[in-house]
Amino acid sequence: MRNGQSGKVILPGSTIGVLGGGQLGRMLALAGRAMGYRFATLDPTPDSPLGQVADEQIVAPYHDAEAAKKLAESSDVITYEFENVDAGVANMLMSESYVPQGSELLYTTQHRLREKRAIEAAGVKVAPYREIGSEAELREAVREFGTPCVLKTATGGYDGKGQWVIRSEDEVQEAYETLSRAKTELVLEQFIRFDKEISVIAARSPRGEVKVFPAAENVHVDNILHLSIVPARADGEVLAQAERMAVRIAETLQVIGLIAVEMFLTRDGELFVNELAPRPHNSGHYTMEACRTSQFEQHVRAICNLPLGPGELLTPVVMANILGEHVAPLLEWMADESGLPEGVAAKVHLYGKHEAKTKRKMGHVNLLTDDVDKAIGWVEQSPIWRS
Ligand code: AMP
């Protein structure tokens, strides 16, 4: 072990194993390969987004212990690109290989109640919530919070799935019956009348160094991220506070690698954390060209215990997601980039997915700009996002 107590340093030339072969792993590998690392991945889909740019892909289900063991044998260090890693596989990888991120943070963020308690333990606010064990408890909590309020499953929800916005007490029975089919605990949250959704990504390394990226303002359409706008159009002191909250969470939870912190910002400047993701995050894709260090390079640096890079913003930026229905008009537009305003540069990233299904994340465009409103205006009128 180098560096004594501060953890093992993994130098370029080593192989980074990634559980999951999606776009986050692909962009991690593209950043890591530039630094001289090799990559191996385990993913059930042949020729996965990461498999296309990795040195080796093991094609097998994520919970396949034998396949995970093979990944461990090929890798000097292991990371993951999604948080629903099977606990058995995580433990096996930890005994067979080096997993600096550990499994505790996964255990915490896989479950909304555990996650909320951990955020509160860091001294950071979440929306008021109640654990729900029965329909009667739900009815009582709905009376307490008033409507609307949001019932969520503790596990398995993403992009707004596994949630029910309860708009009147009449919906209690149906909401309870529907979400309890998921066979997981339920949690009721007070509805936050937020002005904006923002997120901050922090990185922490085994030597205890912490760096944050500037807060992003996130715009969702149908519960899927559409735009990230940086700098966020909000009060500078509130954004600085959001960044401090992310640092506090990274330190208290002893994060290794990245942690994305999603928050609600109210009109009076109050911040509530909604959820955490212990990995690179869609709302951090803007860092790829707009920051001195990208979130992907930072994750590689953190898990390999290299000094973290500076996260400062180099230019205002708007990141726009490309979903399946946007691919054809995007490709047509790329031939001449018609209508792109002066002062805006479009950096297109496509993930190499074979099937452009509706709503599937296929890529994103980072619009480096001198004025975020100009870039947003262009997205709003562009034929790419009209479908
Ligand atoms: P989640 O799956 O928790 O990220 O929630 C998906 C979306 O639902 C969020 O991005 C919000 O727009 C909305 N939402 C979730 N929880 C709340 C809440 N407590 N109050 C208001 N809106 C919420």
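A nitrogen atom of the ligand is found 2.9 Å from an N or O atom in the side chain of Glu 189. This is a predicted model, in which local features need pLDDT of at least 70 and side-chain atom pairs count only at pLDDT 80 or more, while totals for chains, interfaces and linings use all residues. Residues are numbered from 1 along each chain as its sequence is written, and side-chain values use heavy atoms, with hydrogens and water left out.

Q: How much of the ligand does the protein bury?
A: The ligand taken alone exposes 470 Å², and the protein buries 90% of that. Accessible areas come from the Shrake-Rupley method with a 1.4 Å probe; for residues, only the protein chains shown count as cover.

Q: Which elements give two or more residues to the shell around the ligand?
A: They are strand 6, strand 8, strand 9 (194-204) and strand 14 (271-277). Helices (H or I, at least four residues) and strands (E, at least two) are DSSP runs, numbered from the N terminus.

Q: Which residues come nearest to the ligand?
A: Of the 15 residues around the ligand, these are Lys 152, Gln 163, Glu 189, Ile 192 and Glu 197. A residue is near a molecule or strand if one of its heavy atoms lies within 4 Å of it.

Q: Why is strand 8 called largely enclosed?
A: Buried means under 20% relative accessible area, exposed over 50%, and partly exposed in between (1.4 Å probe, protein chains only). Four of the five residues of strand 8 (residues 186-190) are buried, so the rest of the structure largely encloses this strand.

Q: How do you know that strand 8 pairs with strand 5 and with strand 6?
A: Two strands pair if DSSP finds at least two bridges between them. Strand 5 (residues 129-132) has four bridges to strand 8, in the antiparallel sense; Arg 130 has Leu 188 as its bridge partner. Strand 6 (residues 149-153) has five, also antiparallel, and Thr 153 stands opposite Leu 186.

Q: Why is Val 261 called buried?
A: Val 261 lies in strand 13 (residues 257-266). Its relative accessibility is 0%, so Val 261 counts as buried.

Q: What makes Asp 222 and Asn 305 stand out in their phi values?
A: Phi of Asp 222 is near 50°, a positive value in a residue other than glycine. Asn 305 is not a glycine either, and its phi is about 60°.

Methods. Polar contact = N/O pair within 3.5 Å; in protein donor to acceptor, adjacent residues only side chain to side chain.
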